[in-house]
Amino acid sequence: MCCSEACDWTSGAEAVLNRKCNISANVNRRKIAAELAKTLQQSEDALLPALTAVPVFKKQQSADFKLSLGALRINGILPSSGDIQLQTENLAAQLKPDSVVEDISVGPGLINFKVNRSLLAEKLLEPFGKGEGFNFGLNSELFDTSKRGTTLVEFSSPNIAKKFHAGHLRSTIIGNFIANLKQSLGNNVIRMNYLGDWGMQFGLLGAGFNSFGSMEKLKENPLQHLFEVYVQANKEAEHSEDMKHAAKDFFRQLEQHESQAMSLWQQFREITVKEYQHIYKRLGIHFDVYSGESFYQVQTQEVVRELQSRCLLKISPKGTGVVDLSPNEDMSNICTLVRSDGTTLYITRDIAAAISRKEKYCFDEMIYVQDMRWRFTLKSIFRVMMRDFHLSYR
């Protein structure tokens with residue numbers, strides 16, 4: 001199981017070009033080493049450690065490769081005695097530019113090589129002229145050893161009853177790029193949108209809607225009205241014990257599948273998914289599966305029972321159900337899976353979801369595209385899954 005934290009990615013074309021540039025760089029380095037080998041009567045492999053690529057600077061053009069005379073002296077290829085700068089100039093005088101290397105210059109103890117940029121660009125663009133198009137670079141030898149199989153990518157994953165915002169967009173774009181890349185490399189890709197459609201926040205939303213909600217406003221501007229109800233319920237809960245109890249009671253009703261609470265929740269979910277699908281269509285993004293925390297209520301209880309049967313779920317002084325992750329089993333690092341009132345948490349549902357997905361899709365890897373703020377939660381989830389349910393991850 002692979003966790004991918006939100007990070008910056010280059011575009012697919014840039015990634016392929018970067019790989020192609022690396023291949024070209026290695027070919028050019030070998031070419032220079034071959035010419036040096038003829039001059040010094042040495043093997044190419046003996047010279048390669050002394051010949052290194054020069055970092056590219058945006059503000060100034062520099063040489064592409066440099067040869068360290070000091071390294072040649074240390075390795076016994078050149079005499080260690082005598083003036084190193086004189087050795088550098090003498091060796092440089094024996095080397096001539098050609099179709100690959102267009103300029104050779106001398107620095108302090110270094111010989112600099114600048115490659116023919118026009119030839120490099122021509123070689124890079126050559127596959128496009130052969131009609132490779134979108135497959136450019138995908139048949140590279142770099143991918144010959146890459147494993148292919150089924151990849152499940154979970155991305156976007158907004159909470160229902162909330163507007164789609166910039167935070168969701170980042171995960172959506174990155175996740176879609178990863179899914180496209182994996183598919184291009186020959187993997188069977190399953191794109192999953194794992195909606196946040198369960199939890200105590202829906203207890204607060206349900207209780208708030210019963211107090212402040214309007215079906216007319218819900219039809220006119222659904223997500224805006226749900227957002228307003230949620231904000232109002234939150235403010236009320238800050239100073240009202242009645243609202244807190246009502247929220248807990250509503251979520252308890254959801255967990256017990258009471259019809260009135262489930263009907264209202266189902267409305268919220270359907271409205272939100274419909275609104276989100278319009279946005280994804282505009283972005284040119286599709287999902288193979290719309291899943292959610294609510295799908296794993298039964299499996300969540302199975303996870304809890306399994307941990308209890310193996311004496312791994314312990315009761316904390318606060319009455320919560322926890323798993324001890326500390327190496328010394330001293331409860332210094334715990335993962336809470338059950339609240340004191342018996343209801344479950346996001347972590348519990350995510351563990352159940354991972355187990356269920358593995359059984360259903362038999363994936364070779366599962367990639368989570370999440371905000372960095374979730375990294376500690378994900379680490380706890382992975383540790384429980386690896387230790388207690390034997391699901392491995394990278």
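Residues are numbered from 1 along the chain as its sequence is written. Because the model is predicted, local features need pLDDT of at least 70 and side-chain atom pairs count only at pLDDT 80 or more, while totals for chains, interfaces and linings use all residues, and side-chain values use heavy atoms, with hydrogens and water left out.

## The chain as a whole

Of the 394 residues in the chain, 44% are buried. Here, buried means under 20% relative accessible area, exposed means over 50%, and partly exposed lies in between, with a 1.4 Å probe and protein chains only.

The accessible surface comes to about 21600 Å², and carbon and sulfur atoms account for 52% of that. Such areas come from the Shrake-Rupley method with a 1.4 Å probe, and for residues only the protein chains shown count as cover. Among contacts (heavy atoms within 4.5 Å) with a separation of 6 or more, 63% are between residues 24 or more positions apart.

## Salt bridges

Side chains of opposite charge can pair when their charged atoms come close. A salt bridge is counted when a side-chain nitrogen of Lys or Arg is within 4 Å of a carboxyl oxygen of Asp or Glu. The structure holds twelve of them, and the table shows some examples.

| Pair | Closest N and O atoms |
|---|---|
| Glu44 and Arg30 | 3.5 Å |
| Lys38 and Glu35 | 3.6 Å |
| Glu154 and Arg357 | 2.9 Å |

The salt bridge between Glu44 and Arg30 has its closest N and O atoms 3.5 Å apart. This pair links distant parts of the chain, with Glu44 in helix H2 (residues 44-47) and Arg30 in helix H1 (residues 12-40), 14 residues apart. Glu44 is partly exposed, at 30% relative accessible area, and Arg30 is partly exposed at 40%. Together with Asp45, these residues are linked in a network of salt bridges.

Lys38 and Glu35 are both in helix H1, and because they are three residues apart, about one helical turn separates them. Lys38 is exposed, with a relative accessible area of 56%, whereas Glu35 is partly exposed at 28%.

## A look at Met243

Is Met243 buried or exposed? With 7% relative accessibility, Met243 counts as buried. This residue lies in helix H10 (residues 241-255). Apart from neighbours within four places in sequence, Met243 is in contact with residues including Leu204, Ala207, Phe212 and Ala237. Met243 and Gly203 are 40 residues apart along the chain, and their C-alpha atoms are separated by 10.0 Å.

## Cavities and pockets

Both kinds of space are found on a 1 Å grid over the protein atoms alone: a cavity is a set of points where a 1.4 Å probe fits but cannot get out, a pocket is an open set with protein on both sides within 12 Å along at least five of seven lines, and lining residues have an atom within 4 Å of a point. Grid points are joined across faces, edges and corners, and a volume is the space filled by probe spheres set on the points.

How many cavities of 30 Å³ or more does the search find? There are two. The largest cavity has a volume of about 50 Å³, and its lining includes Asn159, Lys162, Phe202 and Tyr230. Helix H7 (residues 200-212) gives the largest share of this lining, three residues.

The largest pocket holds about 700 Å³ of space. Its lining has 32 residues, of which Ser157, Asn159, His168, Gln370 and Trp374 lie nearest its centre. Helix H6 (166-184) is one of the elements that supply at least two lining residues each, and H6 gives the largest share, four residues.
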